[in-house]
Amino acid sequence: MDKKWVEAFAKMTYGIYVLTSKAGEAVNGMIASWVSQVSYNPPLIMVAVHPNRYSHRLIEQGGCFALHVLSDQQTDFLARFKTPDVDHKFSALDWATGLTGCPILSDCLAYLECKLKTHYRPGNHTLFIGEVIEAGISKDGKPFTSLDYDGVYLGKA
């Protein structure tokens with residue numbers, strides 16, 4: 001990609017979220033930033049996930065995901081959910097099983113639990129579109145965005 005394109009893409013802002021997923025007995029969580037609401041009725045959320053991510057397979061197989069809104073004070077979640085060690089991600093962390101079976105993290109501003117509606121592969125990431133079947137707010141605060149993050153994700157895996 002052209003250097004000026006990379007610089008322009010880096011100026012786009014996104015929320016920084018934790019995406020959890022489940023298939024069978026397997027669960028995972030990962031950091032996601034390419035996320036958007038795409039419909040009000042029905043309520044639909046889109047998340048882009050690279051096919052080499054473990055969560056990609058879980059979303060395809062389990063047909064669900066949950067998106068968690070972090071506060072701008074939760075930088076510790078970034079390190080926790082960037083590691084490949086699933087046990088470390090969820091150890092000493094308060095969470096419950098959602099309606100879909102996805103982990104619902106207690107210590108976040110809000111969550112949106114989704115049942116997979118469809119998916120598309122227009123480029124090197126899969127766009128998973130989920131219908132919100134449950135949501136909740138845990139506390140008040142300022143959401144964590146890419147403006148609070150020291151890195152830039154441009155989609156390279």
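Visitor: In which strand does leucine 44 lie?
Guide: Leucine 44 is part of strand β4. Strands are DSSP runs of E with at least two residues, helices are runs of H or I with at least four residues, and both are numbered from the N terminus. Please note that this is a predicted model, in which local features need pLDDT of at least 70, side-chain atom pairs count only at pLDDT 80 or more, and totals for chains, interfaces and linings use all residues. Residues are numbered from 1 along each chain as its sequence is written, and side-chain values use heavy atoms, with hydrogens and water left out.

Visitor: Is leucine 44 buried or exposed?
Guide: Leucine 44 counts as buried because its relative accessibility is 12%. Buried means under 20% relative accessible area, exposed means over 50%, and partly exposed is in between (1.4 Å probe, protein chains only).

Visitor: And what does leucine 44 touch?
Guide: Not counting residues up to four places away in sequence, leucine 44 touches Ser36, Gln37, Val38, Ser39, Lys117, Ile129, Gly130 and Glu131. Contact here means heavy atoms within 4.5 Å. Aspartate 85, by contrast, is 41 residues from leucine 44 in sequence and 30 Å away in space, C-alpha to C-alpha.

Visitor: Stepping back, how many helices and strands are there?
Guide: The protein chain has four helices and nine strands. Read from the N terminus, the order is α-β-β-β-β-α-β-α-α-β-β-β-β.

Visitor: What radius of gyration does the chain have?
Guide: The protein chain has a radius of gyration of 15 Å, which agrees with a compact globule of 157 residues, because such a globule would have a value near 15 Å. The radius is taken over C-alpha atoms, and the globule rule is 2.2 Å times the number of residues to the power 0.38. Along its principal axes, the C-alpha trace spans about 45 × 35 × 35 Å. Buried residues make up 42% of the 157 residues. Among contacts with a separation of 6 or more, 65% are between residues 24 or more positions apart.

Visitor: Which residues touch the most other members in the largest nonpolar core?
Guide: That core has 17 residues, and Leu19, Val35, Ile45, Val47, Val49 and Phe65 touch the most other members. At least two core residues come from each of β1 (17-23), β2 (26-32), β4 (44-49), β5 (64-69), β8 (110-120) and β9 (126-137). A nonpolar core is a set of buried Ala, Val, Leu, Ile, Met, Phe, Trp, Tyr and Cys residues joined through side-chain atoms within 4.5 Å. There is also a second, separate core of 12 residues, including Val27, Leu70, Phe81 and Cys108.

Visitor: Where is leucine 70, then?
Guide: Leucine 70 is in the loop between β5 and α3 (75-82). With a relative accessible area of 0%, leucine 70 is buried. Beyond residues up to four places away in sequence, leucine 70 touches Ile16, Val18, Phe77, Cys108, Leu109, Lys142, Pro143 and Phe144.

Visitor: Which residues of α3 are buried?
Guide: They are Phe77, Leu78, Arg80 and Phe81. The buried residues of α3 pack against β1, β2, α4 and β7 (103-105).

Visitor: What about cysteine 102; where does it lie?
Guide: Cysteine 102 lies in the loop between β6 and β7. Cysteine 102 is buried, its relative accessible area being 0%. Leaving aside neighbours within four places in sequence, cysteine 102 has contacts with Thr20, Ser21, Lys22, Cys64, Phe65, Ala66, Ala96, Thr97 and Glu113.

Visitor: A change of topic: which peptide bond is cis?
Guide: The bond from asparagine 41 to proline 42 is cis, with omega near 5°. Proline 42 is in the loop between β3 (35-39) and β4.

Visitor: One more loop, please. Is alanine 92 buried or exposed?
Guide: Alanine 92 counts as exposed because its relative accessibility is 86%. The residue lies in the loop between α4 (86-90) and β6 (95-97). Phi of alanine 92 is near 55°, a positive value in a residue other than glycine.
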